[in-house]
Amino acid sequence: MSGVEQNVTDPYLWLEDVTDEGALDWARARNEVVGLRFAATDRFAAMERRVLAMLDDDTKIAYPGRRGPWLYNFWRDGEHQRGLWRRTTFESYACDEPEWDVLIDVDALAEADGENWVWAGAAVLRPSQERAIIHLSRGGADANVEREFDMTTRQFIAPEDGGFFVPEAKSRIGWIDADTVYIGTDFGPGSLTDSGYPRIARRWRRGTDLSTAETVYEGKSSDVSIGAGYDRHPGYERHYLQRSTDFFNSEVSLLRDGEWRLIETPTDADVDWYRDWLLVRLKTEWTPNETTYAPGTLLVADLNEFLAGAREFEVLFAPDPHTSLESWGWTENHLILTTLQDVQTGFRVLTPGPGGWASSELTDSPAMSSTSIANLDPLEGGDEFMLTTTGFTTPTTLLSSAIGEPAVTLKQAPGYFDATGIETEQFFATSDDGTAVPYFVIRHRDRRGTPGPTIMNGYGGFEISKTPSYLGSAGMNWLERGGTYVMTNIRGGGEYGPEWHTAALKEHRHRAFEDFAAVARDLVSRAITTPDRLGAIGGSNGGLLMGVMLTRYPELFGAIVCQVPLLDMRRYHLLLAGASWVAEYGDPDNPQEWAYISEYSPYQNTDTGKQYPPILLATSTRDDRVHPGHARKMAALLESQDRTVWYYENIEGGHGGAADNKQSAYLSALVYEFFIQMLIEGRRSA
């Protein structure tokens, strides 16, 4: 059954036309209703001002990205809503008031170009750092315009002057040398995958037309994406190619003697290399020789020997039921592993030597917080690195360190809400199949034993771990008002390694929903809240989670916020990047897979016989990842059933929902004003 045939009875299909004036007028009319109900109060205005002041605060940490001697930073504040791209030296950054060298003023650029530019990043040519490819998004979309920038003259290089320029597309571009790049983009009909990403990788030389660039690899239209790159580590230079056959499976190849040589590891494994070390982190069981290795194991081998046929590995990390490998990174001479033990951060330093790999402790992360390694630069940074540590009520601290040396505080973020008496606790709920599901509760100590208004957040997908981070907006708008905030670690995420993710994959998706519902019930059983005072919030895949909570577990919640969501799972694979997520959810065009998707797809599972809690649906016109049609159609359907539903659509903002600090502050205030009215004041009627 084709995508058109299967939906001829959908009366709201017209809302999938993103820029249709009728659809936009429909969205604007609902924005007006939302504005009058939630954005017209003095309380809303005060919350919005306070969040905006936090986002614009020029004393917040300017998080750097290290490239050799330079620390780069992208900065937004009240005077620079679109932002500044700038850099400084480490010595200057360590001072109280660093001297920043502004490279690009995006506000000035947008005004000069007459474009709604949103900063999307930069690829700096190393080691000279005299040129960069700048990624600019119109309105916050994933699709970017690529423009070459001269770091010396501070000017963009026009195509007629030999500058690299790529029109708006979901491109992948990276430097090979000063005059050559790898490029994947929209070259015309047939050059993109079904998911809308590059299908062809080309080598493009300066001064030549993009259409004549040399093709180095072509994938299939059913692939997710194709990308080529260049590893410029001195003495270990390598060209590499990645063919992503689906969201979780990739083939990685190295260019050897003019041919692409496949690294023959499991396609779902994470593959990395440094110098002549090959790292393989498994997601499923693998037996490359006589030894079987479990999912979540990190293996190391000699890269050249592996390519020659050897399959001898050493285990660098082995998971246990409570501990998983979250990430890893190289300094010049060491490998740093970041682990999670019941969602608590830990670190190990591994050092290769003639007798094997030595292991030592790095540092401890404070309880109920998370710490991450940043700014590793094995090419030019020696064994130096940075640490960021944060908790729900503890602002971020940025530290500088090196292997074998104590960490020194570089920057301390200010606090934005009164955290006096607010505590963090971790509990475990029991899901339907007996699995223990962790979650964090953040509340004032006086709330213990007294059920109160509570917001729980969830995601549960794509092996993304939810770890503690500072609750700036929630703190000032919810915790200070006596509310409780809950962060869940449901299956589908990566908190306990790849098996925590695969446990909720495809036909097992229901487990993520059951986990979230189990936490909701556990909150009630522990007298933390009551169903009528319990709210839930999630975005993107978490928006799908919210849609299922609304349609399958409505009795558990008093209000729901559903942001940039997937909701029509019958058509998700036909909309924008949806085809790339078939490996996560399943293929609706496959009858066996649609059988289980159809059991939970929110758009197909509304029940007029059930009472639903009030819901706020929020999306963005410029979201070119998750189609705004999901939220539009769900809102229209719920309205037709006389549900209490509010709908807000930012006309720009991309998948993040907001393109600048003002938009972010508005959306944050909108969410908390909604929850205050629903859960604290009980004003639930439309």
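User: How do β1 and strand β2 pair, and over how many bridges?
Analyst: Strand β2 covers residues 70-77, and β1 pairs with β2 in the antiparallel sense over three bridges. Strands here are DSSP runs of E, at least two residues long, numbered from the N terminus, and two of them pair if DSSP finds at least two bridges between them. This is a predicted model: local features need pLDDT of at least 70, side-chain atom pairs count only at pLDDT 80 or more, and totals for chains, interfaces and linings use all residues. Residues are numbered from 1 along each chain as its sequence is written, and side-chain values use heavy atoms, with hydrogens and water left out.

User: Which residue in β2 stands opposite Arg66?
Analyst: Leu71.

User: What is the strand order in the open sheet?
Analyst: The four strands run β1-β2-β3-β4, with antiparallel pairing. At the edges are β1 (65-67) and β4 (101-105), each of which pairs on one side only.

User: Pockets next. What is the volume of the largest pocket?
Analyst: About 380 Å³. A pocket is an open set of points on a 1 Å grid over the protein atoms alone, where a 1.4 Å probe fits, with protein on both sides within 12 Å along at least five of seven lines; lining residues have an atom within 4 Å of a point. The volume is the space filled by probe spheres set on the points, joined across faces, edges and corners.

User: Switching to Leu617: buried or exposed?
Analyst: Leu617 is buried (under 20% relative accessible area), at 0%. This residue lies in strand β36, residues 615-620.

User: What is Leu617 in contact with?
Analyst: Leaving aside neighbours within four places in sequence, Leu617 is in contact (heavy atoms within 4.5 Å) with Cys562, Pro565, Leu567, Ala631, Met634, Ala635, Leu638, Val645, Trp646, Tyr647 and Tyr648.

User: How many Å separate the C-alpha atoms of Leu617 and Asp270?
Analyst: 35 Å, and along the chain Leu617 and Asp270 are 347 residues apart.

Definitions and conventions: Buried < 20%, exposed > 50% of the residue type's maximum accessible area, 1.4 Å probe, protein only.
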